[in-house]
Amino acid sequence: MENFQNIRIAVDAIVFGYKNNSLYVLLIEQKFGSEDKYWALPGGLVKQDESLKDAVIRELHEETNVKLNFMEQLYTFGDDIYRDSRNRVISVAYFALVDASNLEIKADTDADKVQWYKIDEIPALAFDHNLIIEKAIARLKAKLTYEPIGFDLLPEEFLFSDLENLYCTILEKEIDRRNFRKKILSYGFLEQTEHFSPIKSGRPAKLFKFNGLKYNDLIKNGFHFEIKFA
């Protein structure tokens with residue numbers, strides 16, 4: 001018996017940004033596929049001659065003007081065979097963390113608009129993209145506790161209070177700030193710079209930066225990052 005398949009492979013990009021003590025996700029308003037416009041994750045079909053990684057990087061750049069060298073594969077969505085009413089489509093989702101203040105976003109190709117949305121203000125999206133974002137947020141929350149990925153959401157130099165607020169915002173928990181500071185600084189990969197915050201209120205505070213080379217050396221020597229909350 002012939003096993004006929006007519007299945008398309010797509011990629012979707014979940015790009016998180018952080019600003020003003022809020023977590024955001026990058027969305028596009030699509031031009032094609034329906035007379036009604038709708039918001040969705042950046043993404044599209046994989047070309048015959050490209051890898052999944054190349055496809056998601058290309059689609060993200062084409063639709064939002066954001067060019068990333070690294071995105072982590074999140075999950076494959078395809079159990080719902082009717083997730084796209086036009087065709088049977090399996091989507092491989094990738095997610096990335098970026099400094100939103102350092103990106104110039106611009107809609108292009110089949111996107112009418114591109115916009116950062118707070119995660120608690122995301123509208124009803126196309127296909128199963130709300131579910132995809134939920135999965136990505138769960139992964140982000142988990143990884144924050146065992147890998148120092150939060151630094152990817154901050155500028156190169158930042159106030160320590162910015163890092164504290166980031167953890168509180170994303171994990172939706174209050175932290176013991178004194179113990180948190182002591183724990184993070186004890187690892188040795190966070191460096192205090194000689195630069196001060198440009199905010200002219202109260203006592204001037206020095207800025208910090210993440211030393212990725214130091215962190216990689218620690219990992220090679222068996223270092224284990226862990227942040228626990230009561």
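**Figure 1. Lining of the second largest pocket.** In this predicted model, 17 residues line the second largest pocket, and Phe70, Leu97, Glu147, Ile149 and Asp152 lie nearest its centre. A pocket is found on a 1 Å grid over the protein atoms alone: it is an open set of points where a 1.4 Å probe fits, with protein on both sides within 12 Å along at least five of seven lines, and lining residues have an atom within 4 Å of a point. The volume of the second largest pocket is about 320 Å³, counted as the space filled by probe spheres set on the points, which are joined across faces, edges and corners. Strand 6 (88–98) and helix 5 (212–220) each give at least two residues to the lining; strand 6 supplies the largest share, four residues. Helices (H or I, at least four residues) and strands (E, at least two) are DSSP runs, numbered from the N terminus. The lining has 11 nonpolar, two polar and four charged residues. Here Ala, Val, Leu, Ile, Met, Phe, Trp, Tyr, Cys and Pro count as nonpolar, Asp, Glu, Lys and Arg as charged, and the others, Gly among them, as polar.

Residues are numbered from 1 along each chain as its sequence is written, and side-chain values use heavy atoms, with hydrogens and water left out. Local features need pLDDT of at least 70 and side-chain atom pairs count only at pLDDT 80 or more, while totals for chains, interfaces and linings use all residues.

**Figure 2. The nonpolar cores.** The largest nonpolar core has 46 residues, of which Ile14, Phe16, Leu27, Leu163, Tyr167, Phe189 and Leu190 touch the most other members. Helix 3 gives this core its largest share, seven residues. A second, separate core of 21 residues includes Val11, Ala13, Val66 and Met71. A nonpolar core is a set of buried Ala, Val, Leu, Ile, Met, Phe, Trp, Tyr and Cys residues joined through side-chain atoms within 4.5 Å. Buried means under 20% relative accessible area, exposed over 50%, partly exposed in between (1.4 Å probe, protein chains only). Of the 230 residues in the chain, 44% are buried.

**Figure 3. Arginine 58 in helix 1.** Arginine 58 is placed in helix 1 (residues 52–64). Arginine 58 counts as buried because its relative accessibility is 16%. Its side chain makes a polar contact of 2.6 Å with the side chain of glutamate 50. A polar contact is a pair of N or O atoms within 3.5 Å; within protein, one must be able to donate a hydrogen and the other to accept it, and residues adjacent in sequence count only if both atoms are side-chain atoms. Apart from neighbours within four places in sequence, arginine 58 is in contact (heavy atoms within 4.5 Å) with Leu45, Lys47 and Glu50.

**Figure 4. Two loop residues with positive phi.** Most residues other than glycine have a negative phi. Asparagine 20, in the loop between strand 1 and strand 2, has a positive phi of about 50 degrees. Asparagine 20 is exposed, with a relative accessible area of 69%. Glutamate 172, in the loop between helix 3 and helix 4, has a positive phi near 55 degrees. Glutamate 172 is exposed, at 62% relative accessible area.

**Figure 5. The two ends of helix 5.** At the start of helix 5, a side-chain oxygen of asparagine 211 comes within 3.2 Å of the backbone nitrogen of leucine 213. Glycine 222 follows helix 5 and has a positive phi, near 90 degrees.
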